[in-house]
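Reader: Before the assignments are discussed, may I see the structure to which they refer?

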Amino acid sequence: MWRHFPDSTGCTVLLIRVFLWIFIAKYSNNQEIPTRGTDYAFGINQKNLFYDNNRIPDGIEVSPYLFLNTTKKFFFLLESKIDRLEITVSPCASPIIWQVTYKPRKEAGQYEIGNRVESSVVGFHPVINTKDTLYTLSGDVAETLRIDAPDEGIYTVDITSIKTESYVKVFATTSPDVDRFPELPQDSHVKEVEKSAKSFTVVWNPSPDERHFGNDIEYCVAVNRKRSYKTLCSVLSHLHGDPKPTLPPNFGFGFSTDVYRKKHVRQTAKPIKPAKKGSIHYKCVGSDKKFTYDNIGNGKGYFVDVYVKNNQSGKSRQYHGVFVKTKQKRKKFSRLKEGKLTSVNFSRKKKKHTYSFKIKRSTKDVHLAISTCIGTTLVEVMAKNGTFHKSRIKSSQVLSFKGVQPGVYTLALSKSVSKRQTVYISMTSKIKAKKMPVLPEDTTVKVFDYLSTCNSVTVAWMGTEKKQKYCLYKSELSSSHDNSTSISKKLNQCDAFDRNQNGAQKITCKKFRYRKKEKSVLAITVAGLKPDTEYIFDVFVNKGNYFSFPYNSVRTKTRTDCYLPT
């Protein structure tokens, strides 16, 4: 008993023979196999017959359906001597592997390939596997195998879809000068002629076939960001998705297996689905050789493919596509002003802020002072030609850059935590590095709780070896936040700048440096305070009029009773 499927070599050949016997008995009194002309004379639809016997009709393009990783065989029978045979295979939804083998009509001698096989695409070379194999190719481009003065016999085309299930277009002709694809110009490259941040324009040379076929020649353009589509049927498959394969109504020879095969093909087929809406832009532009694509994102890359098709024959060819990247629109960032303190407020969702600063003339040094209080801050400094500094900063730090050339620079700050965060930045190119303040390793402001009274507290902080100016500020809280005793609490640096700018009272400013490590503490007693009242004390250090860095602030509460503890 036979097994389906007719894709196996033995069963396919047997079906061909059965078909030929039935056809000869019904339509002919001699033993000649029907030629292309007699087929048309009898009114037989060769496309329908192709699905019965996998025999490729002469001069008619057929579109079989391929299951994934399943090799399908198709046959072309050459009955007489001709000048040239051409076989063209065009992949659609998937790249394919295809191979052409030859068997002589009569078993006589060995077939010699010689120099009669050539590929239509420069750069691809046929691979000879056996003495019967003429051509092997893998890819997603349309290829034409040309054989001059071919021998009579059977040419078998094996095709395998290697990525998805796919339709494929197969075309064989013994009259290539008549049944030809649209001709490409000598220079078939699509060229970019104009672009901006929001649009681009491409042009291409006309097909020579415009002279012969006039309005039947049409150009179509495909634009997308993902890939280049090497054939017209490829872009249409991905744009609209492929339908499930449908065999002709009169398919087969009337056997029950034919009905089963029709159902089986439709039930098991898994054609590709349409691409996401808007991801592929496809438009036919008639006889125009210029196309503008607009309303697009700046700094984005696009693949542009152009196809020329003959609407009378349905055949098409692809130009050499182009990749176009639109211009990057320069973003407008907030400008940092010389010596002015800027607060950068990060919300929970806002993770990055970008600023710009301008250097008008060559300078020795540019200084960026950055203070952060929660986690770390990623700092990126970028010039026109790319990033030239990248670091993470915790607490407060000055970044100094030497030999900075005139131009506009950008400063990007990114937070490392998901909480709200404030970072303070300042920039100057007018002072020298020795004017930059330096913080000690320990930036704590300490309150001596045992010395606190109802109207005074004593605060202290660490100094450095460098002579710097330290300023102490106080802020009175409007009411007690809790019923705690006068135990001081360490705060972070986040709000010190805000208090300083919003009316914190300056208590004193002193210049200080230590010569010996054991004398590195600076202590101040603040008097005139209110009993049972909370205060916040902030300390800033600076060496000039530009940058001031805060210590970790402290909150404390004066005693309720005005007597010294024993």
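Author: Two strands are said to pair if DSSP finds at least two bridges between them. The model under discussion is predicted.

Reader: What makes strand 28 and strand 32 a pair, and in which sense do they run?

Author: Strand 28 (residues 457-462) and strand 32 are joined by six bridges; the definition asks for at least two, so the two strands count as paired. Their sense is antiparallel, and Met-462 faces Val-521 of strand 32. Both strands belong to an open sheet of three strands with the order 27-28-32. Strand 27 (446-447) and strand 32 (521-526) are its edge strands, each pairing on one side only.

Reader: What makes Cys-92 and Cys-233 a disulfide?

Author: Their sulfur atoms are 2.2 Å apart; the limit is 2.5 Å, so the pair qualifies as a disulfide. Cys-92 lies in the loop between strand 3 and strand 4 (96-104) and Cys-233 in helix 5, so the link ties together parts that are 141 residues apart in sequence. The torsion about the S-S bond is -105°, and the link is left-handed. Both cysteines are buried. The whole structure has four disulfides.

Reader: Why is the disulfide of Cys-471 and Cys-509 called right-handed?

Author: The torsion about its S-S bond is about 115°, so the disulfide is right-handed. Cys-471 lies in strand 29 (residues 468-476) and Cys-509 in strand 31 (residues 505-512), so parts 38 residues apart in sequence are tied together. Cys-471 is buried, with a relative accessible area of 4%, whereas Cys-509 is partly exposed at 30%.

Reader: What makes the charged end of Arg-225 count as sitting over the ring of Tyr-302?

Author: The charged end of Arg-225 is 5.8 Å from the ring centre of Tyr-302, and the distance limit is 6 Å. Tyr-302 also belongs to a cluster linked by ring pairs, together with Phe-200, Phe-291 and Tyr-293.

Notes:
Residues numbered from 1 in each chain as written. Predicted model: local features only at pLDDT ≥ 70, side-chain atom pairs only at ≥ 80, totals over all residues. Heavy atoms only, no water. Helix = DSSP H or I, 4+ residues; strand = E, 2+ residues; numbered from the N terminus. Phe/Tyr/Trp six-rings, centres within 6.5 Å; stacked < 30°, edge-to-face > 60°. Lys NZ or Arg CZ within 6 Å of the ring centre and 35° of its normal. Buried < 20%, exposed > 50% of the residue type's maximum accessible area, 1.4 Å probe, protein only.
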